[in-house]
Amino acid sequence: MTVLQVIFLITAVVTLGGAVLVVTVRNLIHAALWLILTLFGVAVMYGLLSATFFTVIQVVIYIGAIAILMIFAIMLTRRVKQEAGSSVNKGWWLAGLMSLVLFTALVWMFSTWSGFQTTLPVMPANVDMVKVLGTALVSPNGYVIPFEIASVLLLAALIGAVVVAWERKS
Amino acid sequence: MSDPVNSIAEWLRMILSSWGLSEGLITVILGVLGVVILASFVLIVDIMLVWIERKIVARFQDRFGPNRVGPYGVLQPIADVIKLLIKEDIMPNGADKFIFNIAPIIALAAVLLLWAVVPLAPTIIGADINVAVLYVVAIGSLGTLAIIMAGWASNNKYALLGAFRTVALLIAYEVPMIIALLVPVLLARSMGMQTIVAAQSTWYIFVVPLAAVILFISSIAELGRTPFDISEAESEIVAGFHIEYTGMKFGLFYAGELLHALTVSALISTLFLGGWRGPFVDQVPILGPVYLFIKSFFVYYLIMWIRYSFPRVRIDQMLGFNWKFLTPLALCLLIVVAILDKLLVGTSQAVYVLVMLGANLMIVWATVLILRKYARVERKRIGEERPVAVPPDTESSELVGQE
């Protein structure tokens with residue numbers, strides 16, 4: 001077993017363990033922190049695949065933005081420290097069923113996927129992959145239309161936030 | 001023998017492979033060793049920073065500073081560390097024990113992690129990744145997380161208020177900081193630190209001084225230092241997020257804060273002051289760290305100079321300054337630099353630098369003009385008569401009339 005495999009196994013255990021704890025712990029803040037650990041584990045996975053850009057983006061977006069926003073929302077909720085009531089409701093069996101179906105479908109999909117047999121393409125040396133990604137995002141032959149649509153969507157959200165918070169002077 | 005770090009690494013690699021260890025394991029061992037050595041070195045510098053900071057603040061405030069333990073008081077930080085270690089460790093009632101204990105560790109680790117991408121010499125760098133600038137931003141969010149955890153776990157309203165204020169500050173000033181970071185990335189055509197340093201045949205401070213100033217201001221805010229230290233405002237919320245911390249746990253926050261200042265200085269030096277560049281550094285790579293630390297300490301001195309010369313700003317002034325002034329200015333600068341960079345393709349280095357510098361100065365001039373106009377309006381507004389206080393039995397219609 002190579003060192004990379006050992007690191008991968010440790011990361012996988014931590015990621016999955018964190019994910020289980022997210023849904024089982026009773027304290028909401030603790031759940032959010034376990035979620036951060038899980039997301040961090042995913043970032044390490046990207047790192048192991050030498051996708052440095054995605055590693056960093058995972059940390060910036062999921063931990064730096066989304067997780068901190070969630071923690072804020074939880075902190076501003078009252079009675080967060082009281083752990084009353086059951087953590088599942090009447091529809092728990094439905095959620096369980098759906099998860100099982102999804103899990104089976106995913107396992108079936110991966111078992112028939114041919115991608116496992118293909119060998120890794122060798123990266124050409126001295127090529128800045130970030131530059132390649134950036135060019136692809138804005139080139140007409142690449143992904144410029146999805147990129148621009150996403151930008152317009154984000155701009156609309158930004159303007160919407162300004163309009164909602166606008167203080168009208170009568 | 002001009003590059004001792006890499007020669008020692010090669011020598012160790014040979015010894016380890018003669019012991020019959022596998023290639024992957026040797027890489028891991030050398031990597032761990034490198035991390036331990038770099039972190040220890042930085043932390044030892046950090047201990048000395050306590051003395052430097054106290055000595056310099058004393059000079060600014062016209063007093064002597066520590067001068068009892070050792071010559072010029074240089075052993076004072078060691079006495080401080082011993083004091084912090086033997087202090088009682090208090091756990092506040094109702095605190096979240098695990099989060100309370102882990103927060104200072106994350107706070108210090110988030111600072112240490114930044115040193116992974118600081119190039120110390122042409123051949124000495126922790127990890128020369130191609131997204132180093134983005135990595136700096138990502139690690140910054142871990143620091144934010146540590147502060148939230150500390151503030152929440154302390155079970156103290158002042159700590160929580162301090163944490164909220166800090167996060168508002170960090171998230172707000174991240175925007176101009178990232179835009180200012182984009183400018184050297186744009187000029188060097190890369191997010192890798194070594195490439196950025198290698199591209200600075202003219203230091204970027206002479207090409208885009210305005211970007212350096214914006215990064216400097218927003219970095220001071222990210223550090224939470226005066227004039228942006230509303231997260232620890234003693235007169236308002238006692239000490240902010242670390243109010244409940246005692247002993248070495250407080251020591252970790254304190255060490256992290258000082259080291260963060262030096263780290264930010266090192267990053268600014270790398271991005272705008274040429275990093276390890278200096279005379280004879282190509283022949284003798286070990287001179288690189290010396291040049292880098294000289295530049296970093298110069299920037300660190302500027303940060304201290306500002307810290308001990310300016311009063312604290314109010315939270316609304318601070319956020320207004322960021323959103324209404326710094327962010328539009330940074331955006332404007334980025335657009336101008338991007339357009340000029342495209343227009344100046346193919347011109348000589350001297351023309352390129354002069355035009356860029358001229359454009360920067362033009363933006364500064366326009367900004368000053370707009371600020372003067374704004375200040376005139378603001379003075380007039382303040383000079384106007386204000387609504388006077390009225391007794392409570394006055395009719396509400398009269399109140400409206402007076403406004």
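A residue is buried if 20 or more other C-beta atoms lie within 10 Å of its own, exposed if 12 or fewer, and partly exposed in between, with C-beta atoms placed from the backbone.

Residues are numbered from 1 along each chain as its sequence is written, while chains are lettered from A and ligands numbered from 1 in the order in which they are written.

**Confidence**

- The model has an ipTM of 0.78 and a pTM of 0.84.
- Chain B averages a pLDDT of 84, where pLDDT is the predictor's confidence in each residue, from 0 to 100. In chain B, 97% of the residues reach 70 or more.
- Within chain B, helix α9 (residues 209-223) has the highest confidence, at a mean of 90. Helix α15 (residues 396-402) of chain B has the lowest, at a mean of 55.
- Where pLDDT is low, the predicted coordinates should not be read in detail.

**Chain B overall**

- Chain B has 15 helices and zero strands. Helices (H or I, at least four residues) and strands (E, at least two) are DSSP runs, numbered from the N terminus.
- Its C-alpha atoms fill a box of roughly 95 × 65 × 40 Å along the principal axes.
- Of the 403 residues of chain B, 39% are buried.
- Two residues are in contact if their C-beta atoms, placed from the backbone, lie within 7 Å. Among contacts in chain B with a separation of 6 or more, 75% join residues 24 or more positions apart.

**The largest nonpolar core**

- A nonpolar core is a set of buried Ala, Val, Leu, Ile, Met, Phe, Trp, Tyr and Cys residues joined through C-beta atoms within 7 Å.
- The largest such core has 115 residues, and Y135(B) and A163(B) touch the most other members. Helix α5 (residues 132-153) of chain B gives the most to this core, with 16 residues.
- Leaving out residues up to four places away in sequence, A163(B) touches I147(B), I148(B), A150(B), G151(B), W152(B) and F241(B).

- Helix α1(B) has 15 residues and reaches 21 Å from its first C-alpha to its last, close to the 21 Å expected at 1.5 Å a residue. The expected span is 1.5 Å times one less than the number of residues in the helix.
- After α1(B) comes G20(B), with a positive phi near 90°.
- W11(B) sits in helix α1 (residues 4-18) of chain B. W11(B) is exposed because 10 other C-beta atoms lie within 10 Å.
- Helix α14 (residues 349-383) of chain B has 35 residues, which should span 51 Å at 1.5 Å a residue; its end C-alpha atoms are 51 Å apart, in agreement.
- α14(B) is hardly covered, with two buried residues among its 35.

**A loop in chain B**

- D62(B) lies in the loop between α2 (23-60) and α3 (76-86) of chain B. Its phi is near 60°, a positive value in a residue other than glycine. D62(B) counts as exposed because it has 6 C-beta neighbours inside 10 Å.
- Y72(B) is also in the loop between α2 and α3 of chain B. Y72(B) has a positive phi near 55° and is not glycine. Y72(B) is partly exposed, with 13 other C-beta atoms within 10 Å.

**Where the chains meet**

- The contact takes 19 residues from chain A and 18 residues from chain B.
- On the side of chain A that touches chain B, α1 (3-24), α2 (28-48), α3 (52-75) and α5 (129-138) each supply at least two residues. Helix α3(A) gives the most, with 10 residues.
- That side of chain A divides into 15 nonpolar, three polar and one charged residue. Ala, Val, Leu, Ile, Met, Phe, Trp, Tyr, Cys and Pro count as nonpolar, Asp, Glu, Lys and Arg as charged, and the others, Gly among them, as polar.

**Chain A**

- Chain A is assigned domain 1 (1-79) and domain 2 (137-170), with bounds from an automatic or database domain assignment. The C-alpha centres of these domains lie 28 Å apart.
- V138(A) is found in helix α5 of chain A. Beyond residues up to four places away in sequence, V138(A) touches V144(A) and F147(A).
- V138(A) and W93(A), 45 residues apart along the chain, have C-alpha atoms separated by 46 Å.

How values were computed:
Predicted model: local features only at pLDDT ≥ 70, side-chain atom pairs only at ≥ 80, totals over all residues.
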